[in-house]
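Subject: Structure for your review

Dear colleague,

Please find the structure below, handed over for your work.

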Amino acid sequence: MKHPAAIPFALASLCVASSALAAEPARPSLETLERIIESRAPETRVAAPDQERITARRIDIVDENGVIRMTLSGRTPAPVIDGIQYKRVFNVAGMVLYDENGSERGGFGTADVPGGAAVLALDHPALDAIGWRVSPDGEVSFSINQAPPLLREPKLDNRLVPGVQAPTRIRMLVAADGTPSIALNDKADRTRLRLTVTDEGYGAIEFLDAEGKVVHTLAPEAGLQ
């Protein structure tokens, strides 16, 4: 019979051997980490706020070159694209982000449309790339758009043309009636595949033709009833 004290030692040896066999994940070396450390004591808090409350119609955050990189406003400025400012379709109260050249690249806020809407977008250089929207009727949507070609207009000093047509390739939606769906679109912005849940509660995959007609549905659970 083994001495009781030998058992924990054997288990410990087995654990060490098992750990040695497991490959460690790749990681940066200590030397690499040392090179990229900005500070070992970053500023993460202030002793006291300068003001308990700030009231303003607009606040701009600028970089070291004086370029506006963020704006917080009750009426966000009209979008700037490649040095030209264009009219906004509707007013948005919230925050806008800009790149190093001052072009709008996204933001979020509430839109002044009938009933009100909450919106969020991150942009390609001249078109929305992704967008969230909570609509007044309760619909919630998330879209991912393909990047459009970067076209320039000689009569606008060769600046980028905004709003160049590009398809929405993925659209996730919870309709106002609660129906969920994920749609995959073709290059012509036509939904060709849709994942959804039927009114009966069955999970389904729908295949659509170019006219938007469902030509085939896979709903395995429905066939079991």
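Does Asp 99 count as buried or partly exposed, and at what relative accessibility? Asp 99 counts as buried, at 14% relative accessibility; buried means under 20% relative accessible area, exposed means over 50%, and partly exposed lies in between (1.4 Å probe, protein chains only).

Before the remaining findings, a note on the basis of the values. This is a predicted model, in which local features need pLDDT of at least 70 and side-chain atom pairs count only at pLDDT 80 or more, while totals for chains, interfaces and linings use all residues. Residues are numbered from 1 along each chain as its sequence is written, and side-chain values use heavy atoms, with hydrogens and water left out.

Salt bridges

A search of the whole structure finds ten salt bridges, a salt bridge being a side-chain nitrogen of Lys or Arg within 4 Å of a carboxyl oxygen of Asp or Glu. Among them is the pair formed by Arg 152 and Asp 82, whose closest N and O atoms are 3.0 Å apart. This pair links distant parts of the chain, 70 residues apart: Arg 152 belongs to strand β10 (residues 152–153), and Asp 82 to the loop between β3 (80–81) and β4 (84–85). Helices (H or I, at least four residues) and strands (E, at least two) are DSSP runs, numbered from the N terminus. Arg 152 is partly exposed, at 45% relative accessible area, and Asp 82 is also partly exposed, at 24%.

Asp 99 forms a salt bridge with Arg 105, the closest N and O atoms being 4.0 Å apart. Arg 105 counts as partly exposed, with 31% relative accessibility.

In the salt bridge between Asp 186 and Arg 190, the closest N and O atoms are 2.9 Å apart. Asp 186 is buried, with a relative accessible area of 14%, whereas Arg 190 is partly exposed, at 36%. Asp 186 and Arg 190 are linked with Arg 192 in a network of salt bridges.

Strand pairing

Strands β1 (residues 58–62) and β2 (residues 68–73) pair in the antiparallel sense over five bridges; two strands pair if DSSP finds at least two bridges between them. Ile 59 has Leu 72 in β2 as its bridge partner. β1 and β2 form a hairpin with five residues between them, and Gly 66 in the turn has a positive phi of about 85°. β2 is also joined to strand β5 (residues 92–98) by four bridges, and these two strands run antiparallel. Opposite Met 70 stands Leu 97 in β5.

With kind regards
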